[in-house]
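Hi,

Here is the structure I said I would pass on. Have a look at it first, and my notes come after.

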Amino acid sequence: MKITLTSMSRLILPILTVVFLAFITWQIWKTERYNNAIGLTETAQIYQAEGDLPAAEKLYFQAIEIFESLEDKESLAELFGNLGLFYANQDKLSQAEQMYLNSLENFQALNYEESVAAQYDNLGSLYAIRGDRKSAKKMFLASLKVFQKLKNYNGIAKQYFNLGNTYYLSGNLKKTEKMYLNSLKAYESLDKTEILVSEIGAKYDNLIALYLKDDNWSSAENIFLRKLAFTTDEDSELLDKHASLGTFYLKYGKLQRAKQMFLKGLENANPQLRSTCYANLGVIYANLADFPNAEQSFLKGLEIDEKSGYEKEAIDKYAKLITIYTKINNWQQAEAMFLKQLQLTSTESDLADKYLNLGNFYLAHNNDKLAEEKFLKGLEIVNPQATTARYYSKLGDIYLQRNNLQQAEKMYLSGLEIAEKLANNVDMAHNYTNLGLIYLRRDDDKQAEIMFLNRIQLAEVSFEDQFTTPFEEEFASVFEDEFEKQTTLANKQSMQKSLTMSYTQLGTIYAKRGDESQAVDMYLKVLEADIDEALASETANVKLHKQVDNKAILKQIKKKFNDIELASEVKKNLLEHYITLSDFYANANRADDVNAQKMLRKGLAINEILAIKLNLSKYYTKLGEIYTNSNNTKQAIAMFTKGLTIDKTLDDKANMSAKYTRLGILYSNQADDKNAEQMFLAGLELDKVLDDKDSLARNYSNLGSIYAKRGDGTNTENMLLKALEIDKSLDNKANMARHYANLADLYTQVKGYWKQAKIMYQKELEMYEALGNKATMVKKYTNLANLYTKHGDSQLVEDILLKALGIDRTLKVNNRTMNLYSTLGSIYAQRQNWQQAEKIFLEGLEINQKLISSDKANIYSNLGIAYKYQGELSQAKEMFFNSLQILEELGNPNTVKIRRLLDGLPQQ
């Protein structure tokens with residue numbers, strides 16, 4: 001069959017059309033799949049932000065499957081990197097590592113060098129968190145190499161800084177300094193931006209801290225001046241060098257040095273600079289409790305400020321002078337300074353309320369007698385009703401504090417009458433709440449409830465509702481401006497405090513009546529307010545390693561408050577979350593222990609009123625832990641004891657056991673071994689019922705320590721062997737090592753048991769070897785050598801010390817083992833192997849040239865002896881002098897012995 005060109009073209013055209021349409025369809029499919037993956041990623045991010053991590057993880061992996069099917073390496077690389085951070089924030093370091101490695105592999109395939117460097121950086125940070133400094137250093141160096149190739153100085157600087165941190169944690173301060181200096185050099189080569197300046201300031205401070213650790217003030221001062229030159233705006237004039245250094249020394253508590261700098265700074269002709277120097281001198285004198293000189297310094301600075309019109313500086317000095325005058329009870333001068341400060345900081349309307357301001361001033365300084373005097377004086381002459389209401393309110397506060405309920409009630413009712421006429425919600429709220437407290441103290445719950453409910457109703461009134469007519473709406477902004485001036489931050493805080501107080505007291509009233517459901521609702525309102533306050537606080541935005549922490553949990557809790565379908569028992573259990581609030585504040589990055597304890601106390605009070613026993617036990621435990629950490633043993637014992645009482649009523653054996661152990665340790669720390677023994681024995685009985693082997697071993701060990709203190713060798717051995725047997729079954733090598741050590745100590749003290757002691761010491765070392773804990777092994781070998789020395793086994797001591805020395809050299813840390821070198825060198829000296837002794841002694845000295853210790857003094861004296869016997873008398877004399885200098889600085893009586901050695905040297 002003959003096919004013509006025409007017929008062939010007719011056949012090809014439809015085929016091409018089909019292929020083209022298929023290609024278009026495939027492209028549309030790819031786009032849809034890609035968009036689907038992006039959508040999954042975005043939804044996952046929302047879940048992550050809300051704290052629903054399992055749902056987020058699931059969607060991330062669905063997105064990965066799609067990107068893999070599309071062979072989209074770029075999207076995969078980015079998503080793997082994000083997942084690395086996702087897992088790192090949850091402390092799932094193994095999963096994070098795998099994600100970062102996946103991301104790195106994809107970026108390497110794409111030859112995206114900057115992204116490759118970023119993933120090396122992420123891996124380095126991850127290994128650093130894990131404590132694997134060797135791998136961390138390797139990653140940071142790899143990242144540095146890429147950034148150097150790209151001439152990315154920001155990246156170079158960051159990696160040098162990371163390496164500096166790594167060396168710092170390893171104890172290599174010399175390398176740390178070098179890396180930090182390289183980092184700063186790279187940063188200083190960049191164009192200055194506002195962000196860069198704020199970031200680099202902390203880097204300078206790290207290097208300054210490093211020098212201060214070595215007491216190297218000269219280098220610290222030099223870096224501070226470099227920081228000043230880099231962080232100061234080029235357009236602005238640099239501060240006087242002496243004044244700047246004064247600020248530096250003041251920051252680090254070197255008051256005398258700072259004083260010298262500021263006195264030199266006063267020689268500068270710039271009046272503003274001289275004013276600042278006087279202010280800082282005043283602060284220094286005040287810190288030294290030299291109030292006359294502090295007063296004179298602030299007054300001289302104030303003279304400059306008033307003459308030159310430096311209002312801000314003057315206000316600050318007025319405040320400082322007020323503090324001084326109140327400290328020395330010169331209230332007349334304090335008031336004069338306050339009134340001058342008021343003239344600069346207040347509007348005309350505020351100045352008109354002179355006595356109100358003075359009363360508040362005295363209240364702020366805890367002088368309620370003078371405050372009352374000013375408020376009463378103001379009440380006699382004031383005209384505006386709004387101001388009169390405030391005077392009544394303030395006087396009510398003073399009388400309530402003195403528990404003069406009749407006078408307080410009279411003041412609050414008078415103020416309330418005016419505030420209601422003026423619809424002044426702030427004053428009404430304050431008066432309703434405090435009247436409620438007065439009626440509660442009189443046991444008039446009904447009247448108190450009315451007051452608190454009136455306060456709560458105010459929270460539902462919108463201030464905008466006051467502008468209802470068209471005419472009023474037209475001028476609403478005018479009133480709003482005036483209202484903005486009145487509702488200062490203090491007023492807002494006062495409103496919130498009165499609202500929270502009202503909900504709390506209503507909860508207590510309803511609980512006393514037996515209306516638990518209504519009481520819980522009130523307390524949940526209090527919890528919600530406390531959560532809002534926590535989330536609004538500055539600490540809420542502290543950058544944590546765990547980005548999804550208690551903050552996300554708090555948001556989740558809030559969502560449940562308004563769920564009317566929640567069972568009353570479930571609502572009641574939500575009150576347990578005051579513990580979550582406490583954890584939020586107590587986080588190491590926030591370290592707000594005051595608020596952490598406050599939340600626990602509030603939660604405890606609420607749960608005590610509602611008699612929620614399970615929650616109470618948790619609160620007592622948490623408070624016990626806080627008091628333990630702050631070394632308040634008495635309070636810690638009280639909390640754990642109360643918790644234990646509740647656990648007994650609940651027959652909660654696991655928690656009872658845990659508290660017996662805690663109490664035993666606390667009593668033991670107070671040397672109350674009788675009570676400690678009772679606690680550990682009680683814990684043991686429960687551990688046997690629970691078959692809790694960990695706790696059993698712990699309590700046997702604790703009892704062993706108590707019997708050891710009493711000198712009861714038989715019971716000590718019995719307890720330790722029982723603990724050892726259990727930990728062997730659990731393969732807990734760390735605990736086994738501890739038990740072997742305690743048994744060895746016991747056998748060492750018993751005559752004729754040295755052979756058993758040696759076996760225990762050897763077993764202990766085997767455990768540390770199995771754990772790979774090199775630093776501890778060195779310490780143990782050294783201690784063991786000292787012990788064997790007493791038994792005269794020179795060869796065994798040498799073998800042990802050489803093992804310790806071999807391990808110590810691999811640690812590459814200027815270490816704790818001066819004694820190791822001293823002892824080993826002494827062995828060689830006893831054998832008159834002077835060359836080997838000299839080598840070991842010199843190696844010991846190299847550990848830390850700046851270390852001042854008796855071990856170092858011993859090494860110098862031993863070196864002196866070695867040089868003496870080798871006929872190197874000048875070197876021997878130098879070594880003896882070095883030893884003598886250290887011993888004199890330490891106040892060590894061995895100075896007499898060293899002087900004899902010096903006197904015994906042959907004259908040259």
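Below is what I found, going from the whole chain down to a few spots.

First, keep in mind that this is a predicted model. The secondary structure amounts to 46 helices and zero strands. The chain has 908 residues, and 44% of them count as buried. If you take the contacts with a separation of 6 or more, 51% come from residues 24 or more positions apart.

Now to H5, which runs over residues 113–130. Which residues of H5 are buried? They are Val 116, Ala 117, Gln 119, Tyr 120, Asp 121, Leu 123, Gly 124, Leu 126 and Tyr 127. An α-helix has 3.6 residues a turn, so residues three or four places apart point the same way. The cover over the buried residues of H5 includes helices H3 (73–88) and H4 (93–110), along with H6 (133–150) and H7 (153–170). Just after H5 comes Gly 131, with a positive phi of about 90°.

Next, a helix pair. Two packed helices are described by the angle between their axes and the distance between the axes. For H34 (residues 653–669) and H35 (residues 673–690), the angle is about 155° and the axes are 8 Å apart. Angles over 145 degrees count as roughly antiparallel, and H34 and H35 are therefore roughly antiparallel to each other. Their crossing is left-handed. On the H34 side, the residues that meet H35 include Met 656, Tyr 660, Leu 663, Ile 665 and Tyr 667. Among their counterparts in H35 are Met 679, Phe 680, Leu 686, Val 689 and Leu 690. Sorted by class, the contact of H34 with H35 has 13 nonpolar, six polar and three charged residues.

Is Thr 823 buried or exposed? Its relative accessibility is 13%, so Thr 823 counts as buried. Leaving out residues up to four places away in sequence, Thr 823 touches Asn 786, Thr 789 and Leu 801. As for Phe 841, it sits 18 residues from Thr 823 in sequence, and the C-alpha to C-alpha distance between them is 9.3 Å.

Cheers

Key
Residues numbered from 1 in each chain as written. Predicted model: local features only at pLDDT ≥ 70, side-chain atom pairs only at ≥ 80, totals over all residues. Heavy atoms only, no water. Axes fitted to C-alpha atoms, helices over the stretch in contact; angles between N-to-C directions. Helix = DSSP H or I, 4+ residues; strand = E, 2+ residues; numbered from the N terminus. Parallel < 35°, antiparallel > 145°, perpendicular 65-115°, else oblique. Left-handed = near helix turned anticlockwise from the far one by under 90°. Contact = heavy atoms within 4.5 Å. Nonpolar A, V, L, I, M, F, W, Y, C, P; charged D, E, K, R; others polar. Buried < 20%, exposed > 50% of the residue type's maximum accessible area, 1.4 Å probe, protein only. Expected span 1.5 Å × (residues − 1).
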